[in-house]
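Okay, everyone, thanks for coming. Let me put the chain up on the screen and then walk you through a few spots in it.

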Amino acid sequence: MNFRAEINVMPHKELLDPQGKAVASGLHKMNYTGVQDVRVGKHITITLSAASKEEATKQVEEACKKLLANAIMEGYTFELSEV
């Protein structure tokens with residue numbers, strides 16, 4: 001079976017996000033005055049083959065923990081769908 005994982009990796013809310021602050025500042029300078037906060041992360045799409053949805057979930061979890069997200073600074077969420 002083939003699956004697609006849509007993964008979002010974001011900095012922890014407790015940590016300063018310099019990229020987010022820079023984007024927020026730029027938006028304010030462009031007169032987007034309603035913007036209160038910006039957080040910048042990354043979006044990763046992975047297509048994979050696995051015997052079951054449970055196995056695909058396990059593979060994506062491991063990839064996130066071992067490579068895609070730095071657990072000290074970032075958290076992640078993902079959605080898995082069959083393709």
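So, aspartate 37: it counts as exposed, at 52% relative accessibility. Exposed here is over 50% relative accessible area, buried is under 20%, and partly exposed is in between, with a 1.4 Å probe and protein chains only. Quick word on where this comes from: it's a predicted model, where local features need pLDDT of at least 70, side-chain atom pairs count only at pLDDT 80 or more, and totals for chains, interfaces and linings use all residues. Residues are numbered from 1 along each chain as its sequence is written, and side-chain values use heavy atoms, with hydrogens and water left out.

Back to aspartate 37. Which side chain does aspartate 37 meet in a salt bridge? That's lysine 21, at 4.0 Å, N to O. Lysine 21 sits in helix 1 and aspartate 37 in the loop between helix 1 and strand 2, so the pair ties together parts that are 16 residues apart in sequence. When I say helix or strand, I mean DSSP runs numbered from the N terminus: H or I of at least four residues for helices, E of at least two for strands. Lysine 21 itself is partly exposed, with a relative accessible area of 46%.

By the rule we use, there are two salt bridges; the rule asks for a side-chain nitrogen of Lys or Arg within 4 Å of a carboxyl oxygen of Asp or Glu. Glutamate 74 and lysine 42 make another such pair, again with 4.0 Å from N to O. Here glutamate 74 is in strand 3 and lysine 42 in strand 2, 32 residues apart, so to speak a link between distant parts of the chain. Lysine 42 comes out partly exposed, at 38% relative accessible area.

Now the strands. How many bridges join strand 1 and strand 2? Eight, in the antiparallel sense. Strand 1 also pairs with strand 3, antiparallel too, over nine bridges. Two strands pair, by the way, if DSSP finds at least two bridges between them. To give you landmarks, arginine 4 stands opposite threonine 47 in strand 2, while proline 11 has glutamate 74 of strand 3 as its bridge partner.

In a regular strand the side chains alternate between the two faces of the sheet. Look at strand 1, residues 2-11: Phe3, Ala5, Ile7, Val9 and Pro11 make up the covered face, and Asn2, Arg4, Glu6, Asn8 and Met10 the uncovered one.

Last stop, helix 1. Residues 18-29 make 12 residues, and the helix reaches 17 Å from first C-alpha to last, close to the 16 Å expected; that expectation is 1.5 Å times one less than the number of residues. After helix 1 comes asparagine 31, with a positive phi near 70°.
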